Amino acid sequence: MIDSRITYKSYFVGLTISIVLTLASYFAVTFKTFPVNTTYGVIAVLAVVQILIQVIYFLHIGSEKGTRWNLISFVFSLIMIFIIVAGSLWVMYNLNTNMM
Amino acid sequence: MAHELDNHSHEHHQSENSIFGFWVYIMSDCILFSALFATFIVLKDSTAMGPSLRGLFSMPYVLTETIILLFSSFTFGLALLFARDNKKCMMFKMLGATFLLGLAFIGMEINEFRHLIHEGYSFKTNAALSSFFTLVGTHGLHVSAGLFWMILVMIHLAKGGITTKTTTKLYCLGLFWHFLDVIWVCVFTIVYLMNAI
């Protein structure tokens, strides 16, 4: 079940990239490197990249054979999450502006 | 011999099945968290005329928490590889390190909550704080459950050795633990960083 191709190095790589990304988003916010709206975009992108890095280097989704269904259920969940989060925000935003 | 081989493949199949079942549970947990995140984003400015969440949290403190949880995810990954390579002693060392890091994380989080409540920012103060405590508290509850489960898995491993059965348990806990770190990346960005801009 634990693929023999997974190396110790992959965890070191995952850890290093994750730390760099965490510090990058932290300093982008605390040092106010960018204008406010750009900062939102920058830390959102950094978070998405870090999630992908952890999914690839720590969870090894899609790299192992026979984990096709794991990948399919993962993609399905992502669609559900998108509907829940984007839908809630869309509805609540419209509700707020229409009630004003 | 043929029977033994058959038995082995049966056990292997069963372990793949339980891992997939556990994976489906984690995906449903993801959806639960996404609902809590949506709630937080909608309510984060609803402070009932009170002070906003901006500047309420100590950022270096939260950064330390983040790095600790990240390291615990890393040490758990190494523990899994040591289990695969049958290095029992190293595996227990890594699991012990993961447990202590997880415990440190939970301790810091409880301390943060206590500090906030002491300052008069409890979950009853306003909708924004209610959603904050629900989201971060649910994550903390998951980590605590993971720590409790880790003790059980370590007992199983100490008693039964590294077998297909015990490794399956360890692997499922690993999926859970890495998943909690992925959720924390979202908490760190959406709850803490976006409120400090």
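## Loop residues with positive phi

In this predicted model, M49(B) counts as exposed because it has 5 C-beta neighbours inside 10 Å, where the cut-off for exposure is 12 or fewer. M49(B) lies in the loop that joins α1 and α2 of chain B. Its phi is positive, near 70°, although the residue is one other than glycine.

Chain A also has a non-glycine residue with a positive phi: K32(A), at about 50°. K32(A) belongs to the loop between α1 (8-30) and α2 (36-57) of chain A. K32(A) counts as exposed because 12 C-beta neighbours fall inside 10 Å.

## Helix α3 of chain B

Helix α3 of chain B covers residues 88-118, 31 residues in total. From its first C-alpha to its last it reaches 45 Å, close to the 45 Å expected at 1.5 Å a residue.

The buried residues of α3(B) are M91(B), M94(B), L95(B), T98(B), L101(B), G102(B) and F105(B). They pack against two helices of chain B, α2 (59-84) and α4 (127-160). Just after α3(B), G120(B) adopts a positive phi of about 95°.

## Contact between the chains

Contacts between the two chains involve 41 residues of chain B and 38 residues of chain A. On the chain B side, α1 (2-43), α2 and α5 (164-193) each supply at least two residues. The most comes from α1(B), with 15 residues.

By class, the side of chain B that touches chain A comprises 29 nonpolar, 9 polar and 3 charged residues.

Definitions and conventions. Residues numbered from 1 in each chain as written. Chains lettered and ligands numbered in written order. Predicted model: local features only at pLDDT ≥ 70, side-chain atom pairs only at ≥ 80, totals over all residues. Helix = DSSP H or I, 4+ residues; strand = E, 2+ residues; numbered from the N terminus. Expected span 1.5 Å × (residues − 1). Buried ≥ 20, exposed ≤ 12 C-beta atoms within 10 Å, placed from the backbone. Contact = placed C-beta atoms within 7 Å. Nonpolar A, V, L, I, M, F, W, Y, C, P; charged D, E, K, R; others polar.
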